Amino acid sequence: MCSAVRREPDPAEAAATAMARHRHDPHELVQVLIEVQEACGWIPPPAIDCIQARLGLPRARILGVATFYAFLHIFPRGRYRILFSDNITDRMLGSEALLQRLCRSLWVERGRVSEDGLVSVDTTSCTGLCDQGPALLVNGRAMGRLTPARIDEVAEKVREAVPLEDWPAAWFRVDDPVRRRDALLSGTWPPGEALRAGLARGAEALVGEVKASRLRGRGGAGFPTGQKWAACRDAPGRTRYLVCNADEGEPGNFKDRVLLSTAADAVIEGMTLGALATGARRGFLYLRGEYRFLLAHLEDVLARRRAQRLLGESILGHEGFDFDVAIHVGAGAYVCGEESALIESLEGRRGMPRNRPPYPVTQGYLGEPTVVNNVETFASACLVALHGAKWYARLGTPESAGTKLLCVSGDCARPGTYEYPFGVSLREVLSDCGAGEAQAVQVSGPSGATVPAAEFGRRIGFEDLPTAGAVMVFGRERDLFEVARNFVHFFAHESCGFCTPCRVGTSLLRNMMDKLAHGHGSPYDFAEIERLNRLLQVMSHCGLGHSACNPVLGTIAKFRPAYQRRLAHEEFEPAFDLDRALAAARQMTGRDDAAAHVREEEEGTA
Amino acid sequence: MSAPTFLLDGRPVAFAEGQSILQAAVAAGAYIPHLCFHPDFAPHGSCKVCTVRVGGREAAACTTRAVAGAVVESDTPALNDERRALVQMLFVEGNHFCPSCERSGDCKLQATARDLGMTTPHYDHFYPDRPVDASHPELLLDFNRCILCSLCERASREVDRKNAFALSGRGIRTRLIVNSRTGRLADTDVRATDRAVHVCPVGAILPKRRGFATPLGQRTFDLKPISAVADSSAEIEEG
C-alpha cells in the first residue's frame, strides 16, 4: 500500500481509482484525498483537476479540505515522510533526541524536505502508542519502541531507498498489553450472542435496558447512552445513522486502539445493537489516521460478520433488520473527535465543529438523526444486552455504572491498558502499574485534570475524575511547567481555526508559555496567561478552546513553584530576544562562535 | 398578539420565532458589536465579537436563539473588555496598517476597535507573510487585512453562485484562497459587481483605480461611532 520509491503513479489515474471506489460521491472527498495521498505521496494538481471535474466540486473547496488535515499535502513531501509522536510521554522517553539523531544522520532539517526529495522529518500529535513509545509514523505506518539503534537502522533503510514493504515487519509490530481485565475485557462471548440477547429483548426494551443500566459515554463527556439512542430513534427523519467515534486523538489515550485490535467484534456488535435500538441502517466507524494499521483487520472482521449474517440485510434472519458499517479514515485532526466536526469530516468537509443546537441526534450526518458514540461505549453496550441493566448497574459507583479502560503511560514500570470498575482510586491504579514516587498524574489527557500526589485518593468516575482513559504518570524529577507547555503546543497545533479566541488565543498562549520557558517571564505575563485562559474558556466555539487552558490553569493552581521559577524578572520584559533572533543569520553564515552571539551585558545596554 | 420580546441591557427587543438574539437586535436597530455577521446571510458564529451574557453564561448572540423573556447583557464593562481582546487578536493575527488603508473610516474592524476603546494591539504581532494578489484587472485582494469572517465565501456561493472564495489551512495558518488553478484572483470568474466583493467588512477586497473619493475624516465611521450608525450591519459603500 505504501508506495515509497516505486515508480510514481499517475495522479489522475490514482484519483480516478479512488473516486470510483467511493462511487463518485462528493461526500467521500476526504477518503478520496487520503487514497490519492497514499498512492502518490502527496496530492498533485492533476489529481485535483480530475477530482474537481468528476465530483463537480469547486477547486478552492477541495484545497480547503486538503489543507485542513495534517496528513494530506498539496505540495510534495519526502518519499519517506517521518513524523515523530510529540506527546509528553514520547518526550519523556527521549523522542526529541531521537528526532535530532535522525535529522543529523539524514542531513535533513526538521520540517523540511531533503534536497533530493527523499525524506522529510517532523513531529505530529500523539500517535496513541504511549504504552510503547517513543513512536513515529513513516508514510502513515506506526512504529513504536524506538531506540537510537533503531533510528540508525531506519536512516539506513531510507538512505538505501528500501521500499517500506521490505522493512522488517517486527519494526511495525504494535503490542496491546492488557494488565488488568474486568467485566468488558474478560467477557468473551461468541460473535452474535449479545445481538441475539438484544433481539430477544426487542428494540424498545433494549433502549429501556440501556437507560436503566446508566451506561454513559466513554469518550469523557459521559452523556447517558440510552437517552441518546432514544432521542435519535424519536427524532423525525427519513433515515438514521450511527457513528463509532474511533478518532482517539486526545494525547495519552490508546484504549480504542486496544479494543479495536483485540475486541473488534464487541465494538461492531455494540454498533449493531445501537442500530437495532435506533433503527439506523448505515453506520460509520471513523478511524483516526494514526490507526490505519488496524484497517485490514477491521475490514476482515466486518467481512466475517457479514458472512455470519451479523451485518447486512435481515440480520440473524430478522426481516427488516438491515445494518452495515463502513470505515472512514481520518487524516490527522484532533478536533474531529468532537462529534459535529467528525460528521463534517464524514461529509467530506473541513472538520470544524458545527453551531449547536441542532445536535447530531436530531440533525447529524446529511442532516439526519445520528448517534455518535465512543468505541468503548458500544463495546460496553454488549454487556448490558447480555447481562441486563441490573447486573451492569451494580458495577462501578451510583453515578458511574460499569467499568472503565484506563491507558497508563509515563513514569511507571507497567504501562498498558487497565480495566477497573468505576470508583477506583488513582492510588490503586498507581500501585498496580508500579508508578513508585509519582509527583502528579494527568487524567484524561491535556483537556483533563492535573492531579497532584496529595489528591491521589481521588476516584475515576463522572462524579470526581471523568476521563477518556488516559493516566499519564509524572515522576518526582519531571517539570510540570514543561508538561503544560507541551499540552499548550498541542492545542495550538490542533485548533481548527474557526473561532477567533481559539485560533489566535491558543497560539498567543503557546507564545507566552515559550516566553516563560526562554527566561523572559515576569508577573505581568502570569496575569496575561490567566486573562487569556478565561477568554478561551468563555468565548471559544467548542470544547477544544474551552479546555485548551486546562493544563495551564491546573498546573498554575497546583504546581505554582514550577511557574514562579520562570518569573526571572520583576518588571515586564518583551518576548523579543535579540540573540535568538540572530539564529537565522548564524545558520546562514555557518557561524556559532562567541562573536556571533549578543552577550548579556551588551543586550542590556543596547 | 404582539411579538415576543427579550430584554437587551434592560430594553425590550421584539423578535420573530427562529431569530437569533443578534438577528433580532439588528432588525430592531439595537447595536451588539459583531464582525462576521451580516443580516442577509445565515449566522456563522466564528468571530465571537457578538458574545453576550444570557442565562448565566456567555454565548454568541448571532447563533443563540432569542427566547421570550430572556435577559441578555451586552454592553457591560466585562464583555466589552473581552470583545476588545478578541479585536486585538484579529489585529495582531494579520497585518493592519490603518493609515495606509483605503478602507480606513469605512472599515468595521477599525470602527469596532475604536468603539470598544482599543488604543493598542496589546498582544505581540504575528506578522504573517501574506502576499497581495493584484492580478485581477478590477480588484485588489490584500490578504493582510483578511479577518477570516468568510462573508465573501458565503456571498459568492449563495448570491453570486460562483464559489470564488474559500478558507484553507487550519488554526493560526487559516487563509482565504480563491477558486482557480493558479491561485490568482484574475483566473477566477469574480467581477467587481459581485456581492462577495462588497460584503467584505474590512479592506481585504477593494476595487482598483478608485481611491479616497471621500476624504479621510469624512467617512462613515469618522462621522459617527459604529454603535451609533443605523444599519451598521449592511455593506458600507465608500463615497
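Two bridges join β5(A) to strand β11 (residues 416-421) of chain A, and the two strands run parallel. Strands are DSSP runs of E of at least two residues, helices are runs of H or I of at least four, and both are numbered from the N terminus. Strands count as paired if DSSP finds at least two bridges between them. Within this pair, R180(A) stands opposite Y418(A) of β11(A).

The model is predicted: local features need pLDDT of at least 70, side-chain atom pairs count only at pLDDT 80 or more, and totals for chains, interfaces and linings use all residues. Residues are numbered from 1 along each chain as its sequence is written, while chains are lettered from A and ligands numbered from 1 in the order in which they are written.

Strands β5 and β11 belong to an open sheet of 6 strands in chain A, ordered β5-β11-β10-β14-β12-β13, with mixed pairing. Neighbouring strands are turned by 30° against each other on average, direction ignored.

Helix α2 (residues 29-40) of chain A meets α4(A). Their axes come within 10 Å and cross at roughly 70°. Axes are lines fitted to C-alpha atoms, for helices over the stretch in contact, and angles run from 0 to 180 degrees between N-to-C directions. The two helices are therefore roughly perpendicular (65 to 115 degrees). L29(A), V30(A) and L33(A) of α2(A) make the contact with I62(A), V65(A) and A66(A) of α4(A). Residues are in contact if their C-beta atoms, placed from the backbone, lie within 7 Å. By class, this contact has 6 nonpolar, no polar and no charged residues. Ala, Val, Leu, Ile, Met, Phe, Trp, Tyr, Cys and Pro count as nonpolar, Asp, Glu, Lys and Arg as charged, and the others, Gly among them, as polar.

At the chain interface, 30 residues of chain A are in contact with 29 residues of chain B. Helices α4 (59-66), α19 (480-494), α20 (500-517) and α21 (523-539) of chain A each supply at least two residues of the chain A side. The largest share, 8 residues, comes from α20(A). This side has 16 nonpolar, 11 polar and 3 charged residues.

E204(A) lies in helix α10 (residues 203-213) of chain A. E204(A) is exposed, with 11 other C-beta atoms within 10 Å (the limit for exposed is 12 or fewer; 20 or more is buried, and in between is partly exposed). E204(A) and R23(A) are 181 residues apart in sequence and 35 Å apart in space, C-alpha to C-alpha.

Terms used:
Contact = placed C-beta atoms within 7 Å. Parallel < 35°, antiparallel > 145°, perpendicular 65-115°, else oblique.
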